[in-house]
Amino acid sequence: MLKPKYSILLSNQNINDYKEQINNWLHSGIKVFWFGSGDEVDELVSEHEAFSKAFLLQAFVVDDNSIKGIVVDGNDPENIAGKLVEIRPEFNEAQFKVEHCRADANIVVQASAGTGKTTVMVDRILYLIHTVPELHLYDIYMITFTNDATNQMNIRLQNALMTRYRLTKQQKYLRWLEEQSQMNISTIHSFAYDMLKEFGIGESFTKNLSIQNYVYEKQELVKDLIDEYIHDNSSVQSQLGVPFYQARPMIEDFWEQFATLGISHQQITKMDWGIPVDERSQVFQNLMIKLVKRLDDDFFDIKRNNDAISLNDIMRDLQEILLGQNLSLPDITMKYLFIDEFQDSDISQIVVACCMAKLLGARLFVVGDVKQSIYRFRGANEKAFDMYLRLVKEMKLDKPERFILVNNYRTCANIMNKMDKYFYAWSTQNLLEYEKPVVPFNKDHGTFKVIDGYYHKDEEFEKQVVEIVKNALDDLVDRVDKSDKEVKEKDRVVVLTRTNRELKMVSRILKRNKIPTDVKREGSFYKSEAVRDFYAMICSYMFSDEPKYIFNYLLTPYAGNIDTIDINEMERLNGEYDDLVDYLDNSLSSTPWKRYYKELRLRPVLSVLKEMVETESVIEYYIMKSKAEKTADGWEEKACIAATRQDAQQYQADLEKLLQILQSNIAGDKVTLFEVYNFLRLMIATNRDEGEPNIKSVDDYHSVLCMTVHKSKGLEFDTVIIPYTTRRFTGREYTRILIDPATNEVGWVYFPDKRSKNYIMCNDLYDKLLEEENMMTCMEETRILYVAMTRAIKNLTCITYETKYNESWSTLLREVGIDE
């Protein structure tokens with residue numbers, strides 16, 4: 001009697017013998033793989049259509065009846081799955097094997113773009129909870145690298161469990177749904193923070209551990225240590241080789257590089273600094289070696305004394321504790337640890353993962369794609385998988401099972417086949433690890449063009465970009481409107497850029513040409529219209545006797561639908577204070593400003609601000625102003641409506657997020673208007689990390705989405721356009737430190753300024769490490785282009801230009817071939 005717990009694979013069996021059992025298995029939540037005749041497949045799919053759509057039933061037609069057998073819960077000693085994939089390549093054997101790998105195995109999955117790594121992680125978790133006794137979802141931890149990825153994984157798991165409950169009515173899925181809400185899926189920083197509270201007791205960290213910025217404290221620490229090492233009887237420059245005002249930021253930057261790469265406090269003492277080229281360099285290097293070690297130790301003491309850590313090096317601190325002598329094991333159960341986007345891990349993250357497995361007995365599941373390692377500037381190590389395998393061996397963990405996913409379900413086959421030519425060519429130049437081409441299963445026909453373009457400062461370039469984008473948008477809108485399929489997030493035309501500067505340039509071009517545009521920038525929240533308008537409103541109450549702040553308020557939606565302010569009349573007043581106040585007061589009287597001025601002095605500030613946003617039709621007035629401005633600029637009505645709707649949705653989402661941030665950071669009945677003003681002033685001036693919330697709308701496809709390649713990672717789009725490809729990979733060298741974590745070598749150089757052609761100080765390792773760094777930069781830039789290209793589903797256009805630089809995206813593309 002067959003008793004599968006999770007799945008059963010049946011190949012060339014008599015369907016009449018299994019009809020009733022298949023029905024029972026499916027309604028018990030057992031996944032069924034059937035390989036048989038066309039009639040059998042049609043019959044099963046017809047009878048169990050809902051299960052087929054949910055992939056709980058996967059039926060394949062096979063003409064070869066020699067491959068006969070049954071596989072229960074993935075136990076496949078005769079390699080039936082391996083034989084079946086040879087005659088039915090659409091059967092994803094690699095996913096099947098990952099999903100059904102033995103429960104006590106460590107697993108490494110290398111998954112190219114579009115090969116379904118999220119699906120395989122969800123399926124693996126479902127396999128584990130079905131087959132491992134006494135396993136709960138809250139025993140499984142998962143690390144992602146973004147909040148969006150965390151939310152997406154939670155949604156995917158919830159949907160999978162809800163679908164199974166809806167189809168089977170089995171109570172276990174409701175129980176697991178409840179457990180899923182307690183599952184530990186978090187970003188790398190959240191995970192490290194939680195683990196520090198658990199493991200940090202021996203280092204004086206407590207459950208009340210807080211997070212602080214520490215920017216000022218680190219600067220003061222550097223200054224104090226320089227003072228400690230500098231003698232009073234001679235100048236700073238004579239002792240350091242550089243003036244004090246240059247020495248401090250240099251030392252801060254050098255120290256920061258160790259933290260960025262995830263190099264531990266202990267490892268810093270083992271670095272090979274090479275030989276300074278002269279006596280002056282010797283003096284500076286000796287001081288640097290002393291200072292970096294002292295800075296790291298003293299800073300850790302500060303954090304320990306304050307019971308507070310910094311996000312920038314939170315993983316390094318956790319690594320230090322896990323490798324330290326004062327470690328106390330907490331009372332937590334971690335049976336499995338999943339790590340997504342493993343190729344973006346730095347050294348400390350890899351060490352922490354292995355320590356967790358060693359200390360808690362957790363089984364590791366790491367998944368990623370070396371070709372998508374594009375975060376070196378954050379310390380990501382492109383050799384993460386190799387480093388992990390080496391650490392597993394050193395720490396005597398079980399050798400992991402390794403799998404490669406190659407079935408691509410995203411990009412049209414004809415596009416993917418053409419892309420392969422480029423990827424393979426780059427691999428022959430050692431710029432891209434592309435050992436095994438993917439197998440495309442999207443049989444739709446798409447277009448991939450690498451075309452000759454104009455230099456981006458030419459007027460012809462703007463015309464070319466506008467024409468390409470406009471045609472792509474019209475084509476997409478036409479296809480979507482004619483289709484009866486549900487509109488999805490991926491139904492977009494997206495323009496991808498390498499840098500924020502390019503993003504700003506292309507968005508200006510599109511908006512100047514009246515094309516509805518949705519721009520997604522990294523860290524743009526505190527620069528958004530919603531935040532700027534809200535801040536202008538706050539400033540008007542803070543500085544109510546200053547005409548310029550009242551004027552700024554009157555330009556915001558908070559003022560409502562007032563008459564146009566006559567700038568010429570204001571200029572005629574020649575800056576006379578009383579006259580300006582009287583003139584602006586006429587406009588101010590028709591707004592709710594004076595009423596809220598009184599309310600803010602009588603009631604809790606945040607309560608009044610919330611009421612203002614909710615009752616004064618701020619969004620409606622924003623829409624009116626935005627639409628009026630676009631109409632005046634000559635926008636066509638359809639494009640105007642699409643762009644205004646998009647802008648308004650983003651404005652509202654930003655405003656809601658702002659109120660939540662204020663509530664979280666400065667909540668309370670005694671909050672003052674000054675505290676709100678000061679918080680916003682500081683955030684607007686310094687916060688470049690907070691991103692705008694993502695918005696979703698059924699009409700999104702009417703506008704063009706613009707974002708950087710880094711922002712697009714993990715996403716997919718109908719049409720991708722890459723307009724800027726001439727940026728040079730490597731620039732001229734300047735003062736910096738280069739660190740090779742593999743060899744522990746440190747190279748450094750100092751130029752008095754960026755215009756100087758000759759260095760003043762350096763060591764003998766710098767030239768060697770610079771050559772390696774330039775090669776690594778070229779490889780990463782190739783990977784970034786790979787990520788950009790593989791976002792495309794149906795259409796991809798790359799605009800190239802014959803540049804004088806050998807190292808650019810244009811060069812990479814043109815060397816393989818451009819379309820006439």
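**Worked exercises on a predicted model**

Apart from neighbours within four places in sequence, L329 is in contact (heavy atoms within 4.5 Å) with F199 and L359. The model is predicted: local features need pLDDT of at least 70 and side-chain atom pairs pLDDT of 80 or more, whereas totals for chains, interfaces and linings use all residues. Residues are numbered from 1 along each chain as its sequence is written, and side-chain values use heavy atoms, without hydrogens or water.

**Exercise 1.** Locate L329 and state whether L329 is buried or exposed.

*Solution.* 
- Step 1: L329 lies in the loop between α15 (314–322) and β10 (336–339); helices (H or I, at least four residues) and strands (E, at least two) are DSSP runs numbered from the N terminus.
- Step 2: With a relative accessible area of 54%, L329 is exposed (over 50%; buried is under 20%, partly exposed in between; 1.4 Å probe, protein chains only).
- Step 3: Q649 is 320 residues away along the chain, and its C-alpha atom is separated from that of L329 by 48 Å.

**Exercise 2.** Give the strand order of the open sheet of 6 strands and identify its edges.

*Solution.* 
- Step 1: The order is β7-β6-β10-β11-β5-β12, with parallel pairing (at least two DSSP bridges between two strands).
- Step 2: β7 (184–187) and β12 (401–405) each have a single partner strand, so one side of each lacks a neighbour in the sheet.
- Step 3: Within the sheet, β5 (residues 107–111) and β11 (residues 363–368) run parallel and are joined by 4 bridges; V109 has V367 of β11 as its bridge partner.

**Exercise 3.** State whether T708 is buried or exposed, and name the residues in contact with T708.

*Solution.* 
- Step 1: T708 belongs to strand β18 (residues 704–708).
- Step 2: Its relative accessible area is 6%, so T708 is buried.
- Step 3: Leaving aside neighbours within four places in sequence, T708 contacts L496, T497, T499, N500, L503, K520 and E522.
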